[in-house]
Amino acid sequence: IIFTCLASTFTGALSAEVYEASSLRAKLAFIRERMSLRMKDVSPEKNTLNNIEKSIMSMAASRKTKGKSEQSDLSAFLKEIEDLLNNTMKKNILQRVTQTQADLEGGWSNLSSCTHPEDLDYNNDVQTLSTSHADCREQQNAAWSDYDTTCILARQIRENEIRALCNAFQAANIFPNPATTCSMDEGTKVPTIGNYLGEMAKFFRSEYDILYAKKLACDNATNTPFPHEELCKQKICEYYDQKISCDEKQKTLEEKACTLHRSYTCTLFSECYAEKVDVYKGLDTLAKENEEAIKSEWIAVSRIECLVKALQLEDAEVDAGITSCKEKVYSTDAVALTYKGDAPAQRTCTDIFLQPGTAVFSTRWYSGLPSNTPAESCASTCCMDTSYTPGYPSGAACPYVPGATT
């Protein structure tokens with residue numbers, strides 16, 4: 001009698017292929033398909049085992065009438081069955097157990113494969129970029145303070161000086177309007193009229209000289225160019241150059257933060273974990289169905305092994321041996337699966353990768369910047385539709401070209 005084992009074998013665990021599927025539906029469908037194939041593999045082997053058992057029972061019945069000595073081919077037949085059980089049947093069953101267990105382990109491990117934002121230290125990268133950006137804004141602030149002192153404040157002082165000189169001229173350039181008529185002082189020398197007029201001429205000449213000096217001071221101050229004009233053109237462009245450099249650093253910082261914000265959110269984590277739980281539940285359910293069929297097959301193999309041994313007994317002991325095999329409770333510990341239980345509850349989650357352009361992001365990363373050189377309100381695609389491009393303000397005569405006219 002030749003028994004053909006129709007069981008197929010699997011060369012790898014299910015998990016690696018399952019978790020490359022692009023969607024939850026595809027993953028679950030794939031799991032069911034592979035598990036179903038394993039269940040189908042049990043059917044032909046079960047039929048083979050049933051045929052083997054029937055053949056053994058037929059041999060047992062023949063022993064009652066012919067006796068062991070009359071069946072010369074019995075030993076060869078039993079040896080063939082033992083080889084089939086040990087070298088094929090049991091190996092296939094144990095291989096399916098191993099693969100199914102690997103699926104369960106893979107599903108369980110996969111529950112921890114979702115990236116939790118709080119497990120990442122990528123804010124260290126953002127912190128490094130933030131430090132570089134903050135240092136740059138300090139340099140920008142220093143450039144502004146230099147420009148402010150050399151140009152804005154100095155120009156204001158210069159304008160105040162001109163205003164004071166010209167105000168003094170304007171105040172003096174008013175002809176007096178005496179409240180009373182002119183009168184000579186007591187004791188005016190004779191001729192009184194001549195001396196009086198002489199004193200008047202001397203007085204007004206002195207007043208004129210004073211007024212003219214004030215006019216000259218006002219005109220000279222007004223017509224004298226601001227001494228730092230060219231230097232200030234250079235310094236304002238140096239300030240804008242520094243600002244552009246800082247804006248570029250802010251852009252780098254915010255694009256990094258934007259990528260993290262989009263990639264690692266609590267919402268994405270929740271969606272990922274829910275999907276992994278569904279996959280795990282599907283694996284767990286199908287594994288239990290598979291285990292039941294495997295245990296049934298293992299019991300059948302164990303019973304046949306018992307029957308084979310019973311047929312090798314003396315004629316008087318065969319019936320009792322067969323009855324014992326039929327009544328015996330066989331252990332399935334060798335093919336029992338180990339289950340992890342229900343999937344753990346989803347971890348709590350707090351978003352730590354903040355969105356650039358929001359008040360909470362600015363408070364987190366820009367609150368310590370100098371008041372004269374704050375960060376731009378937005379420098380990334382997280383808060384604007386187009387890419388941020390730093391540049392000179394409209395109307396600025398920059399970059400600086402020595403001697404250029406504006």
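View 1. Accessible areas come from the Shrake-Rupley method with a 1.4 Å probe. In this predicted model, the accessible surface of the chain comes to about 23,600 Å², and carbon and sulfur atoms account for 52% of that area. Of the 406 residues in the chain, 34% are buried.

View 2. The chain has nine helices and zero strands, so that, by the DSSP runs used to assign elements, its order from the N terminus on reads α-α-α-α-α-α-α-α-α. When contacts between residues at least 6 apart in sequence are considered, 88% of them join residues at least 24 apart.

**View 3. The largest nonpolar core.** This core has 32 residues, and those with the most contacts inside it are Leu 49, Ile 56, Phe 77, Ile 81, Leu 85, Ile 304 and Leu 311. Two or more residues are given to this core by each of helix 2 (24–66), helix 3 (74–110), helix 7 (266–311) and helix 8 (315–327), with helix 7 giving the most, at 11 residues. In soluble globular proteins, nonpolar side chains tend to be buried together.

View 4. Once its neighbours within four places in sequence are left aside, Ile 56 is in contact with Phe 77, Ile 81, Ile 304, Leu 307, Val 308 and Leu 311.

Key. Residues numbered from 1 in each chain as written. Predicted model: local features only at pLDDT ≥ 70, side-chain atom pairs only at ≥ 80, totals over all residues. Heavy atoms only, no water. Core = buried A, V, L, I, M, F, W, Y, C linked by side-chain atoms within 4.5 Å. Buried < 20%, exposed > 50% of the residue type's maximum accessible area, 1.4 Å probe, protein only. Helix = DSSP H or I, 4+ residues; strand = E, 2+ residues; numbered from the N terminus. Contact = heavy atoms within 4.5 Å.
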